[in-house]
Amino acid sequence: MVPKTFIFFAVSCVSAVASANNLFSGLDTVLTQGNGNYIIQLNQTICIKHFVPRFIDNAFDIFSHTLGADKIEKRSNRIVRRDTDLDQVHVFDAYDIGGSFKGITVQFEDLHIVRSLLTSFNSEILKIIPDMDVEFDLPTNKKSELLKRYYLRQVKNHKSERAGNFDFDHYEHDENCPYAHDKRAKTTTTKKASCTAGSLGKKKSDGYWGYCCSSQSDCRNKCVSGKCNGPAKPKTTTTKKAATTKKTTTKKTTNTKATKTTTANSPAPTNDSTCLPGSFGNSLGNGFNGYCCDTQADCLDNCVSGKCNGPENEDTPSTTSTANSFATTTKQVAESTTTALPTPVNTASYAKQTGAEWNLVRVSQRSLDLKKPYIYDSDAASDIYVYVLDDGMNIGHKDFGGRAKWGFSAYKDISKLGEGHGTHVAGIIGGNTYGVAKKVNIVAVQVLNEEGNGAISSLLAGLQWAANDAKKHKGKAIINMSLGLRTGGGSSSTYKAFNEVISSVVNSGIPLFAAAGNWASDTCDVLPAGNKDVFAVAATDNTDTMAWYSGYGKCVDIFAPGSDILSTYITSSSSTTTLSGTSMASPHVAGVAALLMGSMENPTSVEVYDKVKSIATSNVVKDAIKNTPNTFLFNGQQLTEKI
């Protein structure tokens, strides 16, 4: 957002220690800064779940000498006073992002113990950085004739309590932690002895039906109770199938209606005479090809006309050549539907939204003509997930159509709505009326409290949660951060650590789109936009002119609409408001990326960035400041000349 609605972060200069050898150099100064919490960056080889109990044990021993062991007690990842129940030491955040950044955030009530505590871990701790409060500010727009705020609310004076992301009992061992392998080995020994040995340690394609497994990765399909429940191992011999009529269905990848193929002049046999008894009432894994079925739940694959049409059990002998009959059926269906299937070049199904907001119309055009409709791929992005790291979200807004879900909050007992900024951003990404990608899935990640305040640790916690959750959607996840931290060109250890986390997230395969900043200054001095691995977005108005407030410079990647953008809001399930800023420009690009990623096979972040750039329109932005790439967002639609 901009000066009538822009993001302002104030962070004091901080210092941290860069290596174990000088961990204590300047420590006294470090401990006088920040908000009382400290981000401790750990060696990458450290196992966090193993480290934290040792850290707490050492802290307890130190406190015991000063307060007495009877005055304090350990509670998992905390030490509390018995008389006041107040935390003395609390490890509330843990970070393991992309395997390249590990750390914890710790609250110390008494800083006198820190030096003694660090002495025990000086070979395991890389840096200690004071956590800093940041502010999400919404001042008036001084260039507006109406000197008003877009969102007026009295700011409360209390400090919201952080909700840590570290729960020791449920925290999984790091992937490179040796204790994780010990756990896996223990689990493997408890598996049932009825499975066939041989799949463990092999490639996924080697884990066939009946083989032992420890996890999903050991099997070709599912790992169920220590046994691979995947497709049967291919047969090397087949028997000739009798000339009978069989009703077969094949699903098309375009989700069109199944097509039936039958042999001419030969009636199909009834299910009662052809299916094998035994699948009813059994679990999903027991319904195999040829068995009777009542519903989909009775079969491993499809229940077709009362008969399971899934992979066959290796233990059940087959009297027909499943592979040959399937290949023939597939070919017949393909031949009968070839003309109905789109070619690879024209796989999109484009739709027109008449009367759309100017910003949507503009990103589906090569040249400015706001009287035209918004053209977009109506089938795209339904399998894409965009994580909106912001101040909250009105996930029940009607324009989201049920596609917005709550993910994570870095704070306790606060409104999930925030100040409305996150809801507005999400609407631009994927609202039915106001959004670029109208089928995308939106996930709310609250890193700022309801007053617009946050901390470096809350940003890191949000990034950690999003990175973990995105593992379920590999190659299908995006992060949007319409917020910024103005560094003023500084290179403190705090900024370096934040930069390192951002890069770790992006390099793990999650493209990150961010606002270029609203100070009319060099975007290279803004985080996360100034990070070399982030896709930074500057703003234009409805005349294709660079917005007066927009960040600029070589760190900008693209321009998108940002001024006077109408989108979803928080006052009701159908409310809207108009806001301006690079905060509004960034979600346009995140939406376009979502439209494009559906047709990309497990792309890297760089491949997504390159795709967005490759279809962008060049040299249409007016008054673009020198050294700022003059490229404007385009959503890739192919019907421009036909509308």
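## Ground rules

Residues are numbered from 1 along each chain as its sequence is written, and side-chain values use heavy atoms, with hydrogens and water left out. Because the model is predicted, local features need pLDDT of at least 70 and side-chain atom pairs count only at pLDDT 80 or more, while totals for chains, interfaces and linings use all residues.

## The annotated active site

Let's start with the record: an unreviewed UniProt entry places the feature "active site" at Asp 390, His 421 and Ser 583. These residues are spread over 194 residues of sequence, yet they cluster in space, with a largest C-alpha distance of 10.2 Å. UniProt positions follow the numbering used here, feature names are shortened, and annotations may be inferred rather than shown by experiment.

Asp 390 sits in strand S16 (residues 385-390); strands are DSSP runs of E with at least two residues, helices are runs of H or I with at least four, and both are numbered from the N terminus. Asp 390 counts as buried because its relative accessibility is 0% (buried means under 20% relative accessible area, exposed over 50%, partly exposed in between, with a 1.4 Å probe and protein chains only). Beyond its neighbours within four places in sequence, Asp 390 has contacts (heavy atoms within 4.5 Å) that include His 421, Gly 422, Val 447 and Ser 482. A polar atom of the Asp 390 side chain lies 3.3 Å from the backbone nitrogen of Gly 422.

Ser 583 belongs to helix H11 (residues 582-597) and, with a relative accessible area of 0%, is buried too. Its side chain is joined to that of His 421 by a polar contact of 3.1 Å. A polar contact is a pair of N or O atoms within 3.5 Å; within protein, one must be able to donate a hydrogen and the other to accept it, and residues adjacent in sequence count only if both atoms are side-chain atoms.

## One disulfide

How many disulfides does a search of the whole structure find? It finds 1, where a disulfide is a pair of cysteine sulfur atoms within 2.5 Å. Cys 524 is joined to Cys 555 with an S to S distance of 2.0 Å, and the link is right-handed, with 100° about the S-S bond. The pair links distant parts of the chain, 31 residues apart: Cys 524 is in the loop between strands S22 (512-515) and S23 (526-527), and Cys 555 is in the loop between strands S24 (535-540) and S25 (558-561). Cys 524 is partly exposed at 24% relative accessibility, whereas Cys 555 is buried at 18%.

## Two packed helices

Helix H9 (residues 456-469) packs with helix H10 (residues 493-507) at an angle of about 10°, their axes 10 Å apart. That angle makes H9 roughly parallel to H10. On the H9 side, the contact is made by Ile 456, Leu 459, Leu 460 and Leu 463, and on the H10 side by residues including Phe 498, Val 501 and Ile 502.

Axes here are lines fitted to C-alpha atoms, for helices over the stretch in contact, and angles run from 0 to 180 degrees between N-to-C directions. Angles under 35 degrees count as roughly parallel, over 145 as roughly antiparallel, 65 to 115 as roughly perpendicular and the rest as oblique.

Lys 74, in strand S2 (residues 72-75), is partly exposed with a relative accessible area of 41%. Its side chain makes a polar contact of 2.8 Å with the side chain of Asp 57.

Thr 628 lies in the loop between strands S28 (617-618) and S29 (631-632), and is buried at 8% relative accessible area. The Thr 628 side chain reaches the backbone oxygen of Ile 625 at 3.0 Å.
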